[in-house]
Structure formats: C-alpha cells, structure tokens
Amino acid sequence: MTALEELTSVSRDITNPYVDEWKRRGKMAVGFFCSYVPEEVLYAGDILPYRVRPTGCQPPTHLADTCLSHLNCTFVRSCLQFAYEGKYRFLDGFVFADTCDHIRRLHDVMRATGPFPFIRLIGVPHKSGEEAVSYYAGEIARFKSEVEQYFGVEITEARLREAIALYNETRLLLGQLYQLRRGQSPPLTGAEALNVIIAATSMPREQYNGLLSRLLGQLRGSQGTGKCRARLMISGGGGCDDDSPFRVMEDLGGLIVTDTLCFGSRYFMQPPAGGDDLIMGLARSYLNRPSCARMSDKVSERAQFTKRLIREAGVDGVVYQRMQYCDLWGGQLLHLRKVLKEGNIPLLDIEREYHWGAVGQVRTRTQAFLEMIEERRNGR
Ligand code: SF4
Ligand code: SF4
C-alpha cells in the first residue's frame with residue numbers, strides 16, 4: 001500500500017487498524033469534538049486523542065432526536081446517534097470545547113444521559129489577547145490535572161514537551177503538503193488532501209508523521225495534473241469530513257487547491273507551541289491559529305487569511321459549505337461575501353446536512369459554478 005492509500009484507509013471509517021492496535025495494547029483513547037482542544041495534553045499522558053466524527057451516519061437520527069432538537073445541526077445529532085448506538089465504544093472518554101451552542105448542548109446531553117466515561121468541557125475564549133491566553137492556559141492546566149487524576153497518568157513536563165514537538169512536526173509536514181498543492185500541477189487532489197488531514201486526527205502521531213513524511217517523499221517525485229476547469233478553495237465550518245462531495249467537484253473538472261477548513265489549513269497553520277511555559281505556549285499557539293468563526297475579534301484576520309490563501313494558491317472560485325442551523329458559519333458567510341466581492345472572486349454557497357444529502361445537488365451546482373468561472377475567463 002502507498003502512504004496515501006494507507007492514510008486514506010484510516011479516514012474511511014470510524015475506527016482503523018492503528019486504533020485497534022492501540023487499544024489491544026491496553027492503552028486509552030479519548031474523543032474530542034473541536035480542533036481547539038489541545039491534543040498534546042492527552043498524547044503526553046499516553047492517551048490517543050481521536051477527533052469524533054460520525055462517518056457514515058445517515059438519517060434518521062431517531063435516538064439522538066429524543067434529546068436534541070431538529071434545530072440542532074446534523075453533525076451533533078449524528079454524533080449523538082452514533083454514541084447511543086455504541087459506535088464510540090473504543091473511546092474511554094470525550095472532551096468538548098465550548099465552541100458553539102450545539103456542541104455545548106451535545107455535551108450536556110451526553111453528560112446527563114450516559115453511561116459515558118470521562119466527559120469534560122474546556123472553556124475556549126472567543127478572543128485571543130493576552131488575558132484570553134491566560135484564561136485558556138488555566139483551562140488547559142485544569143484539564144491536564146483532570147486527565148491525570150481520572151486516568152491515573154502523570155503528564156510530566158518532559159512528556160508534554162515531547163508531545164508538543166511531535167505535533168509541531170506534523171504542522172511543519174502538513175505545511176509542506178499544502179505548499180505542493182499550491183503549485184501549478186498539484187500532485188494530489190483536494191479529496192486526497194482531506195483524507196490525509198482526517199487521518200492525522202485518527203491515529204497515533206509517531207506513525208502518522210512517518211506516513212506523512214513517506215507521502216511527501218513520494219509526492220515530490222510525482223507529476224500532478226495542472227489541467228482543470230478551475231482552481232477551487234473550500235471554505236466554511238466543521239463536520240466537513242467526507243470526501244465524496246470533493247470527489248464530485250473534482251470529477252467535474254474543479255481542482256481543490258486549498259481550503260480554510262478545520263479539517264484542513266485551520267488544523268495545522270498555527271505558530272509552533274513550546275517555550276519555557278508549555279501550557280501558556282499551547283494556549284497562545286491554539287488561540288493564534290487561523291481562526292474559526294467562533295472567534296469574535298478575528299473577523300478581519302479571517303478575511304486576510306482567506307485572501308492570502310486565494311492569492312498564494314491561484315484560486316478561481318470559492319465553495320463555501322455550511323451546515324443547516326449553524327449560526328456561526330451562517331454569520332461568517334456575510335463577511336466572506338463582502339471580501340470575495342471586493343476581490344472579484346466567485347462564490348458558491350452550499351447549505352447542507354452532515355451527510356451532504358444527495359450529492360446530485362453538489363454536482364448540478366458545481367457544474368453551473370464551473371461554467372460561470374469559464375465564461376468569466378473567456379470574457380463572455
Ligand atoms: S468549525 Fe470551529 S467550532 Fe466547529 S469544530 Fe471547527 S474549529 Fe471547532
Ligand atoms: S457545524 Fe456549526 S453548529 Fe454544528 S457543531 Fe460545528 S460550529 Fe456548531
């Protein structure tokens with residue numbers, strides 16, 4: 001199997017041979033729901049951080065819907081459905097960040113209706129100044145103590161430093177991968193890149209970094225195809241962990257060359273953590289990553305980030321995907337529209353359910369979008 005095939009197979013299902021092996025060795029795994037959760041803390045305790053995704057969940061989510069409203073986004077409803085179905089049995093706990101009201105409600109329901117083991121919530125500030133960094137550092141320190149106490153592990157400074165170094169290495173390698181994607185002839189598609197990132201959140205880090213390095217070696221020597229109808233950016237909110245709509249867009253001749261997703265650039269493009277005070281360093285690094293729409297003081301930073309990626313990757317059009325009832329990313333769309341209009345960049349807005357529904361809608365709308373980009377290019 002090539003490194004890409006191996007990483008893709010990890011992203012395809014809820015669990016994978018790496019997680020199975022980890023559990024067979026009697027080790028613990030904890031699910032997390034948002035990329036603002038500092039995975040390094042868990043990994044330093046020899047606990048596998050696993051980003052919870054309800055891969056393959058299809059409606060109806062009848063078990064979840066007894067506790068969650070139909071006005072909750074279908075990502076959280078699908079997660080709860082799978083939790084009640086026992087799909088996350090391999091996880092020894094769950095950690096939430098108070099990233100949005102829907103996730104917050106999921107936390108409340110799971111805590112109230114268990115039996116689920118260890119459930120914790122980390123307060124993540126909505127701003128990123130020094131006061132916010134101190135607050136978040138306090139939350140991380142509290143979480144670290146809770147992990148130590150509950151799982152009976154000791155997270156020493158040396159272990160934490162090691163974990164931070166491993167995660168910094170991942171970010172460096174993923175940066176190199178995205179650099180290759182920006183070129184004239186990217187050696188991997190957007191669908192493939194998505195699977196590579198999903199795998200990062202679903203397997204032990206040393207093995208992931210090894211596979212990723214191997215993949216980079218293979219890609220550097222390979223010739224991609226520069227031929228496409230339009231170079232695309234995918235933007236928008238969470239729950240974007242299914243490559244099938246990406247494949248539909250790319251089968252039609254779009255080529256996804258970059259993104260602003262938290263299963264994408266926002267997962268790794270952050271300043272490296274480290275320094276003398278490791279917890280403060282982690283807080284500062286996470287709060288200074290390219291921001292999610294939940295960060296209220298970063299509207300113009302998000303605009304700058306999007307514009308920079310569009311410029312660097314030579315993007316012809318942006319596909320914005322957001323979940324129905326997701327107020328955060330619904331609001332962000334208003335800002336993005338303005339930014340793209342100023343830059344004369346076409347935008348395709350797709351409101352969807354977690355499972356994307358019929359990809360037929362994606363096909364029809366992408367086809368029209370690509371035609372529109374081509375007509376603009378040809379001056380018609
Ligand atoms: S979109 Fe934002 S709030 Fe949702 S999981 Fe990603 S980082 Fe967290
Ligand atoms: S998709 Fe939106 S509403 Fe749903 S969990 Fe993510 S941020 Fe919250």
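**Entry 1**

I started at Glu 146, which is buried at a relative accessible area of 18%; buried means under 20% relative accessible area, exposed over 50% and partly exposed in between, with a 1.4 Å probe and protein chains only. Before going on, I noted that this is a predicted model, where local features need pLDDT of at least 70, side-chain atom pairs count only at pLDDT 80 or more, and totals for chains, interfaces and linings use all residues. I also noted that residues are numbered from 1 along each chain as its sequence is written, that chains are lettered from A and ligands numbered from 1 in the order in which they are written, and that side-chain values use heavy atoms, with hydrogens and water left out.

Which side chain does Glu 146 meet in a salt bridge? I found Arg 142, at 3.0 Å from N to O. My cut-off for a salt bridge is a side-chain nitrogen of Lys or Arg within 4 Å of a carboxyl oxygen of Asp or Glu. Helices (H or I, at least four residues) and strands (E, at least two) are DSSP runs, numbered from the N terminus.

**Entry 2: Arg 142 again**

Arg 142 also forms a salt bridge with Glu 139, at 2.6 Å from N to O. Here the spacing is three residues within helix H6 (residues 130–151), again about one helical turn. I read Arg 142 as partly exposed, at 33% relative accessible area, while Glu 139 is buried at 11%.

**Entry 3: a link between distant parts**

I then turned to Asp 259 and Arg 181, whose side chains meet in a salt bridge at 3.6 Å, N to O. This pair links distant parts of the chain, with Asp 259 in strand E6 (residues 254–259) and Arg 181 in helix H7 (residues 157–182), 78 residues apart. Both residues are buried.

My search of the whole structure gave 24 salt bridges.

**Entry 4: around ligand 1**

Last, I listed what surrounds ligand 1 (a heavy atom within 4 Å). Among the residues are Phe 33, Tyr 36, Arg 51, Cys 262, Arg 266 and Trp 329.
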